[in-house]
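Reader: I would like to learn how to read a structural model one feature at a time. Please show me the general idea, then the case at hand.

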Amino acid sequence: MAPLPNAELVQNSLQLYRYLLRCCKQLPEGNIRQHYRHAVRQSFKVHADEDNPERIQQIIKRAIEDADWVMNK
């Protein structure tokens, strides 16, 4: 399964959140999809108060790399 195109266009947390949820839609139905959707939501809540722009970019980069790994798994 290929990752979604335009990952390089993700610039902020809301765009990342939407991108990751779209990735989840490509996963097989059932527990796997529910697990990753829950993980995306929880991570978004945990990092919602982050205000350091460098840290935000690190989180975005890592999340996209992790999503690519999951999609290729």
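Author: What follows goes from the overall fold to single residues. The model is predicted.

Reader: Which secondary structure elements does the chain have, and in what pattern?

Author: The chain has three helices and zero strands. Along the sequence the pattern reads α-α-α. Helix H1 covers residues 13-25 and helix H2 covers residues 31-46, while helix H3 covers residues 53-72.

Reader: What share of the residues is buried, and what does the accessible surface come to?

Author: Of the 73 residues, 26% are buried. The accessible surface of the chain is about 5,500 Å², and carbon and sulfur atoms account for 52% of it.

Reader: How many charged side chains are there, and how far apart are the centres of the two sets?

Author: There are 11 positive and 9 negative side chains, and the centres of these sets lie 9 Å apart.

Reader: How is a pair of aromatic rings described?

Author: Two quantities are used: the distance of the centres and the angle of the planes. This structure holds one aromatic pair. The ring centres of Tyr 17 and Phe 44 are 4.6 Å apart and their planes stand at 35 degrees, so the pair counts as tilted. Planes under 30 degrees apart would count as stacked, and planes over 60 as edge-to-face. The pair links distant parts of the chain, with Tyr 17 in helix H1 and Phe 44 in helix H2, 27 residues apart.

Reader: Which residues does Tyr 17 contact, leaving aside its neighbours within four places in sequence?

Author: Tyr 17 is in contact with Val 40, Arg 41 and Phe 44. Phe 44 itself is partly exposed, with a relative accessible area of 32%. By contrast, the C-alpha atoms of Tyr 17 and Gly 30 are separated by 20 Å, although these residues are 13 apart along the chain.

Reader: Is Cys 23 buried or exposed?

Author: Cys 23, in helix H1, has a relative accessible area of 3% and is therefore buried, the cut-off being under 20%. Cys 23 and Met 71 are 48 residues apart along the chain, with their C-alpha atoms separated by 7.5 Å.

Reader: Is Pro 53 buried or exposed?

Author: Pro 53 lies in helix H3. Its relative accessible area is 57%, so Pro 53 is exposed. Pro 53 and Asn 12 are 41 residues apart in sequence, and 9.4 Å apart in space from C-alpha to C-alpha.

Reader: What share of the contacts joins residues at least 24 apart?

Author: Among contacts between residues at least 6 apart in sequence, that share is 59%.

Methods:
Residues numbered from 1 in each chain as written. Predicted model: local features only at pLDDT ≥ 70, side-chain atom pairs only at ≥ 80, totals over all residues. Heavy atoms only, no water. Helix = DSSP H or I, 4+ residues; strand = E, 2+ residues; numbered from the N terminus. Buried < 20%, exposed > 50% of the residue type's maximum accessible area, 1.4 Å probe, protein only. Contact = heavy atoms within 4.5 Å. Areas by Shrake-Rupley, 256 points an atom, 1.4 Å probe, with all protein chains shown as cover. Lys, Arg positive; Asp, Glu negative; His and termini not counted. Charge placed at Lys NZ, Arg CZ, Asp CG, Glu CD. Phe/Tyr/Trp six-rings, centres within 6.5 Å; stacked < 30°, edge-to-face > 60°.
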